[in-house]
Amino acid sequence: GCEPPVCPPGLERSPCDVWCFQGDKCEPTHCPEFGVIGDTIRQIAVGSSHMLVLTQSGAVYSRGTAFYGSTGHGGAKDVPDFALVPALKQRRANFVAAGPHFSVVITESGDVYSWGQAFHGETGLLSQVEAVPRFAHEVSKYRIVEVSCGSCHVVARTEALQCLTWGENSSGQLGVGKKCKPMYRPNLLESIPSEIQGVSAGWAHTVAVGSDGAAYAWGLNSHGQLGVGDNNMRMAPELLHGLKDQHHVESALAAKTMTIFLASSNQALLCGQIPCSPGAELTAAFGTDQFGNTDTGCLLTPLPLALSAGCWRSELSSVLAFDGGALGFARSKVFRVAPNLAPVEGGTRVRVYMTGLPFDEPREEEPDAHLVQHSIPVRVRLRSELPACECVVDGTIVAADTVEFESPDVTGTPLGTEVLKDNTIAVQLKVSIDGGLTWTPERHDARELADLMCQGGPHSPLPMRCGDSILTPTQREEELQQAKAAALLWYCWWPKEGPSHVEPTCAVVTGSTEVLLNVALPRQLPADYITVKFTCEPLLPADVPPPEVAATAVVDELGDGTSTLDAQTPCQVPAVECQELSVCAWLEPGRGVKCNSPPFDAETLHLYKHSLQLSLDGRVFLPRILPCYILNPRMTGLEPCLGPLLEETRVSIKATGLADSSVRRVRLTFPAALGWAAKELPINKDCTSGELWFVMPNLAVEVRHRMNEMAATAVETPPVPPATATETIETGSVAGDGGLAEAAVLESPATFNDGGLHATEVQVELSLNGQDFTRDNVSFMYYRSFATKAVQVVATADGANASAEPAKEDPKGKKASKANVEEVTFITVAPGSKLGIPMGLVLQTSFAVLRVALATKIEGEEPQPFREKDLPAQFETIVPPPPPPPEPDPKAKNAPRDAPPPEKPLDPTPIDMITALAPGIGIQELPEGAVLLMTGFSVSMNGRSFVPCPPPLVPLRLEPLPANFGGDF
């Protein structure tokens with residue numbers, strides 16, 4: 001576990017304070033017996049019943065029971081308190097080691113002294129017991145720098161980075177390739193190809209670590225402590241292939257039945273018997289049984305050790321292994337800085353998150369109690385390499401893993417000068433909790449990690465480079481996470497005012513609109529804490545617009561057609577509070593900052609005025625406030641909602657929740673079966689009426705392309721017997737002379753080849769910012785070209801048949817000549833009479849229009865244009881009246897009595913017509929003596945695109961309304 005690296009309050013600290021872990025206790029206890037040593041302790045070595053201490057000055061102290069002279073003071077006299085080893089007073093020691101009952105010391109000059117029990121040659125001396133230190137000549141000639149003692153054998157590392165062993169070899173722990181008697185002289189192991197940088201001896205096995213990160217093990221393997229995958233002994237050093245392929249081993253610690261390896265990633269790995277003790281904080285991965293209890297089995301291969309939940313951020317710097325378990329030590333480490341950006345003028349409250357902080361949780365019942373963090377002298381060091389600059393400020397512990405300080409002003413320093421040249425400089429942060437005596441370690445490759453953090457953040461579309469290679473998205477995220485863990489604080493210049501404008505100016509109420517804040521920023525900038533704050537400020541009651549639903553709804557509670565809403569009744573405005581919504585943002589290189597707008601409440605949207613602000617560090621917001629419009633647009637319809645395939649159609653948009661916007665577009669989505677890409681079209685605005693409209697494109701190119709495809713397909717398929725090309729429907733028009741009949745010929749669909757695109761329905765979506773489009777299921781339909789027939793009078797206003805009448809004679813005119821025996825005949829149409837045109841195309845639409853061209857005619861003069869009238873039209877299935885029976889022939893009196901009776905006419909067939917009611921024009925509007933003629937007709941399915949109709953066989957005269965009727969209709 002992570003223990004506080006300070007002494008409890010009230011305990012005087014000295015260079016000789018020692019804390020010990022005893023038995024199965026997780027908490028260390030203070031050992032006052034070391035207080036007699038008046039020097040800084042450099043190393044402690046522990047045997048079965050004695051102990052050695054090496055000080056910073058090179059003095060060697062010993063204490064304990066003198067089994068076989070293990071204390072080095074001569075004879076069998078115990079040493080109850082620490083005392084200098086007499087024989088070594090004149091020598092400066094550099095390393096000490098202790099076996100069960102023997103000791104080894106290496107001096108600064110490289111000489112080796114040893115004493116104690118040597119029944120198996122473990123002291124390197126030719127004698128079996130020595131009660132005082134003796135010079136080990138056979139060992140000293142190898143110039144050893146490190147030594148580790150097992151139960152009855154010793155392993156050492158030489159200056160030449162080679163491995164040396166001597167002592168007991170009953171289990172192959174000397175690595176000479178076979179079992180043999182104890183070796184009193186050291187043996188150089190030349191079978192290890194690596195240069196040795198560390199050695200460790202267990203009870204009867206040995207491990208060595210090479211400078212290349214390889215680990216070697218040999219000797220007893222009863223519990224898998226060698227980590228080679230089985231429990232067979234090894235008589236010679238064997239490479240641990242599993243470790244070499246995955247880990248770079250820096251050190252190894254051998255205990256009685258286990259071995260711990262420490263990798264360069266600060267991760268510990270265990271093999272051998274798994275230690276088990278109550279409250280253990282260091283357990284092996286997969287080291288629990290089905291009941292959650294610690295498994296006391298064995299690991300035949302090294303497996304990583306997982307730190308407990310409260311220590312997962314710690315990185316082990318060293319590990320000690322002993323017969324009952326292991327101890328891991330971790331230095332305090334900075335793992336996060338928030339915010340990691342500060343202006344050159346300073347003044348930002350920065351929080352440094354780190355491990356190893358002493359902290360007492362405050363208690364409500366004792367608010368004035370002294371807490372351990374109050375007595376910790378915290379210092380924060382800020383250092384940059386280029387330019388060289390360093391400063392130290394005070395900090396405060398504010399949480400169990402947090403130190404807070406205020407960034408200093410660096411304006412007058414070399415760092416500030418570089419920052420003002422449009423540079424962003426990263427400085428390393430190091431923290432001290434002992435007043436500056438020790439500092440947290442620096443992160444490796446800080447400059448390279450700084451470059452990674454300045455490449456636009458995780459949302460940037462720019463490729464991220466690490467060295468000469470481009471990272472994949474997964475590698476990019478991993479590298480960024482590592483970069484964020486670096487203890488870096490960035491100094492840069494900040495824009496004085498803030499962003500100049502925002503694009504787009506409006507966002508939708510559902511959120512996720514990508515908003516760009518245009519602002520000039522330094523060339524490099526970390527984007528971890530860039531924040532955009534959306535502020536919802538309540539409007540004054542007088543400024544709150546009424547909801548659109550309330551403005552358009554008609555409430556008829558009494559059912560009498562009257563509304564209970566009173567226009568004078570004030571709208572009740574609910575009380576709302578100011579709201580702030582903050583979102584994370586990212587850099588848009590060369591333009592500014594981007595973010596996604598948050599969602600808002602659509603029901604209270606009209607009660608607020610919205611704005612946004614930018615912060616580069618997530619705490620201090622730039623002064624300029626930009627307005628932002630939050631909209632909830634809804635399309636209610638299109639006028640018209642249909643148009644011809646081969647012509648453009650101007651379409652008006654009917655919508656709610658609109659606002660002024662410089663970016664207005666519609667998106668056309670065609671049926672999926674066509675496989676066409678969606679189109680986006682600009683929207684225009686009528687400055688006079690405020691109407692929004694766009695031009696629906698024609699599909700002439702698409703029709704031609706599909707017709708060519710159909711023709712090519714028709715060539716490949718067998719011919720099909722042709723269908724009837726036309727269908728004749730007899731309809732009658734009543735005339736004054738006995739009736740006139742016309743044949744309406746309706747063309748089949750084959751006549752109008754539209755490429756199969758007739759009745760194509762296109763989904764239309766509206767956007768006021770170019771990003772978010774409505775989804776209101778509003779569609780536009782294309783229809784094919786169609787042919788029209790002559791207009792017919794289907795029924796009069798009173799339901800009677802229309803009649804034809806001859807033109808009136810001119811009393812002053814000359815008598816008609818015999819050549820002009822036929823008189824001009826009109827069909828008189830009363831206002832409100834139903835006019836019909838047979839159609840071969842039927843579309844149910846409310847936008848159909850029948851346009852009538854009216855002309856006035858005075859007897860003896862040519863007709864003069866009067867006006868055009870657009871009549872609302874609709875589609876109907878009409879059963880025309882039967883034609884009148886023929887008048888009797890006077891010459892048929894002498895017909896034979898047995899002549900056959902006339903044939904009974906067939907029932908008329910219903911036909912589809914587009915119909916409209918004849919208009920009404922007041923007689924006072926006409927010139928005196930003029931009649932009103934309907935001279936031309938044209939039909940439109942959408943009120944925009946008109947198709948002319950052929951003139952009727954009998955001219956139509958519109959009967960004017962009486963003078964007192966009150967006007968047109």
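In the protein chain, 62% of the contacts (heavy atoms within 4.5 Å) with a separation of 6 or more join residues 24 or more positions apart. This is a predicted model, in which local features need pLDDT of at least 70 and side-chain atom pairs count only at pLDDT 80 or more, while totals for chains, interfaces and linings use all residues. Residues are numbered from 1 along each chain as its sequence is written, and side-chain values use heavy atoms, with hydrogens and water left out.

Begin with the whole chain. Of its 969 residues, 43% are buried (under 20% relative accessible area, with exposed over 50% and partly exposed in between; 1.4 Å probe, protein chains only).

Next, select Tyr68 and Phe119. The search of the whole structure finds eight aromatic pairs (ring centres of Phe, Tyr or the six-membered ring of Trp within 6.5 Å; planes under 30 degrees apart are stacked, over 60 edge-to-face, the rest tilted). Tyr68 and Phe119 form an edge-to-face pair, 5.2 Å centre to centre with 80 degrees between the planes. Tyr68 lies in the loop between β5 (60-64) and β6 (79-84) and Phe119 in the loop between β9 (112-117) and β10 (129-135), so the pair ties together parts 51 residues apart in sequence. Tyr68 is partly exposed at 40% relative accessible area, and Phe119 is partly exposed at 32%.

Now select Tyr113 and Phe135. Their ring centres are 5.8 Å apart and their planes stand at 65 degrees, so this pair is edge-to-face. Tyr113 belongs to strand β9 and Phe135 to strand β10, 22 residues apart. Tyr113 is buried at 10%, whereas Phe135 is partly exposed at 38%.

Definitions and conventions. Helix = DSSP H or I, 4+ residues; strand = E, 2+ residues; numbered from the N terminus.
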